[in-house]
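Here is a short briefing to read alongside the structure. Take a look at the model first, and then we can walk through its sheets, cores and charged pairs together.

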Amino acid sequence: MNAEVALVTYSGLPELDPDDRPLAAALGEAGIATAITLWDDPAIDWSSFALVVLRSPWDYHRRIEAFLAWATRVAAVTELLNALPALRWNLDKRYLIELAEKGAPVVPTARLERSAAVDLAALAAERGWRDLVVKPAISADSWETHHVGGDFRTGQGIVDRLLPERDLLVQPFLPTVEDYGERCLVFLDGSFSHAVRKNALTRGGRWTELPEGVPVAATAEERDAAERVLAAAGFRDLLYARVDLVHDSAGAPLLLELELAEPTLFLRDAPAGLARLVAALAARLEGTRR
């Protein structure tokens, strides 16, 4: 039986991220033939799959033009999930500024254009920010994300090193990310599924022996904020979405990142979410057979 679903990863995780391995197993148990594929494998005939599902292609930020060209080719011959318009929009984090302009609750964000002359201390003073985070506009797995605090000299060095080659974002650091924590709300097939408290990057992120995310109950305010973000983004028929929130000093949830391309979905501790995702893929497969 030929595989109908491709789960897409990269050469650094040829057997998928551990969080996605239960998905591959559950699809098999549901009778859905699945292949684990590398996005840049030239030998693969992507038209042979009914569905191509992005999971962990986490080197795309180093080859963004090649990755987008690949995604465009795949979307032309089969169903790419999430779909190409959402993928293109979401890979560049300037969407944060767009969502804020639409009234969504977003962490304040300044965009630094590639090769611009930027005085980081002056930018911080203008905005009243004393504690900063600097990160690329296109990044994966927290690559080159730096909490520079109020050390503007170090922050300026990071900006001067990165800005000649890529756009950057600057945001105020919100201390609640270390105590209350970053809350990741996972939506599957258009509905809220589950939430986790993510281990803060400043405390090691996913590179510790601690779980990357611990299940928590999302508050009504967090779910409302996440729904507002997704409504402002405006995409329909998403297979998955992850809304990453932090709280400001007054306790209001704000969007840190909206993940529509290749987010960890924290499925290992969410059996109901895993079942929902398998059912959603089965329904989409049925639609391709009609």
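Contact here means heavy atoms within 4.5 Å. With that in mind, please remember that this is a predicted model.

**Around Tyr-60**

- Tyr-60 sits in the loop between S3 and H2.
- Is Tyr-60 buried or exposed? Its relative accessibility is 3%, so Tyr-60 counts as buried, the cut-off being under 20% relative accessible area.
- For a sense of distance, Tyr-60 and Gly-149 are 28 Å apart in space, C-alpha to C-alpha, and 89 residues apart in sequence.

**The parallel sheet and its helices**

- In the order S2-S1-S3-S4, 4 strands make up an open sheet with parallel pairing.
- Strand S3 (residues 51–56) pairs with S4 in the parallel sense over 3 bridges, and Val-52 stands opposite Leu-80 in S4.
- Helix H1 (residues 21–29) packs on the sheet and touches strand S1 (5–9), S2 and S3. The direction of H1 makes about 170° with that of S1.
- Helix H2 (residues 64–77) lies across S1, S3 and S4, and H2 runs at about 135° to S4.

**The antiparallel sheet**

- Another open sheet has 5 strands in the order S11-S10-S9-S12-S13, and here the pairing is antiparallel.
- Strand S11 (213–216) and strand S13 (253–259) are at the edges; each has a single partner strand, so one side of each is left without a neighbour in the sheet.
- Neighbouring strands of this sheet are turned by 35° against each other on average, direction ignored.
- Strand S12 (residues 240–247) and S13 pair over 6 bridges in the antiparallel sense, with Leu-245 opposite Leu-255 in S13.

**Nonpolar cores**

- In soluble globular proteins, nonpolar side chains tend to be buried together.
- In this model the largest nonpolar core has 47 residues. Those with the most contacts inside this core are Leu-23, Trp-46, Trp-70, Leu-87 and Leu-281.
- Which elements give two or more residues to this core? They are S1, H1, S3, H2, S4, helix H3 (84–91), strand S9 (182–188) and helix H9 (271–289).
- Not counting residues up to four places away in sequence, Trp-70 touches Val-8, Trp-39, Trp-46, Leu-54 and Leu-80.
- There is also a second, separate core of 26 residues, and Tyr-95, Leu-99, Ala-195 and Val-243 are among them.

**Salt bridges**

- Side chains of opposite charge can pair when their charged atoms come close.
- How many salt bridges does the structure hold? There are 15 salt bridges.
- Arg-55 forms one of them with Asp-20, and the closest N and O atoms are 3.0 Å apart. This pair links distant parts of the chain, with Arg-55 in strand S3 and Asp-20 in the loop between S1 and H1, 35 residues apart.
- Arg-55 counts as buried at 1% relative accessibility, and Asp-20 counts as buried at 2%.
- Asp-167 forms a salt bridge with Arg-111, where the closest N and O atoms are 2.3 Å apart. Asp-167 is in the loop between helix H6 (152–162) and strand S8 (168–172), and Arg-111 is in strand S5 (residues 110–112), 56 residues apart.
- Asp-167 is buried, with a relative accessible area of 17%, and Arg-111 is buried with 18%.
- A network of salt bridges links Asp-92, Arg-94, Arg-111, Glu-113 and Asp-167.
- Arg-284 forms a salt bridge with Asp-189, the closest N and O atoms being 3.7 Å apart. Arg-284 lies in helix H9 and Asp-189 in the loop between S9 and strand S10 (191–198), so the pair ties together parts that are 95 residues apart in sequence.
- Within this pair, Arg-284 is buried with a relative accessible area of 10%, whereas Asp-189 is partly exposed at 40%.

Key. Residues numbered from 1 in each chain as written. Predicted model: local features only at pLDDT ≥ 70, side-chain atom pairs only at ≥ 80, totals over all residues. Heavy atoms only, no water. Pairing = 2+ DSSP bridges. Axes fitted to C-alpha atoms, helices over the stretch in contact; angles between N-to-C directions. Buried < 20%, exposed > 50% of the residue type's maximum accessible area, 1.4 Å probe, protein only. Core = buried A, V, L, I, M, F, W, Y, C linked by side-chain atoms within 4.5 Å. Salt bridge = Lys/Arg side-chain N within 4 Å of Asp/Glu carboxyl O.
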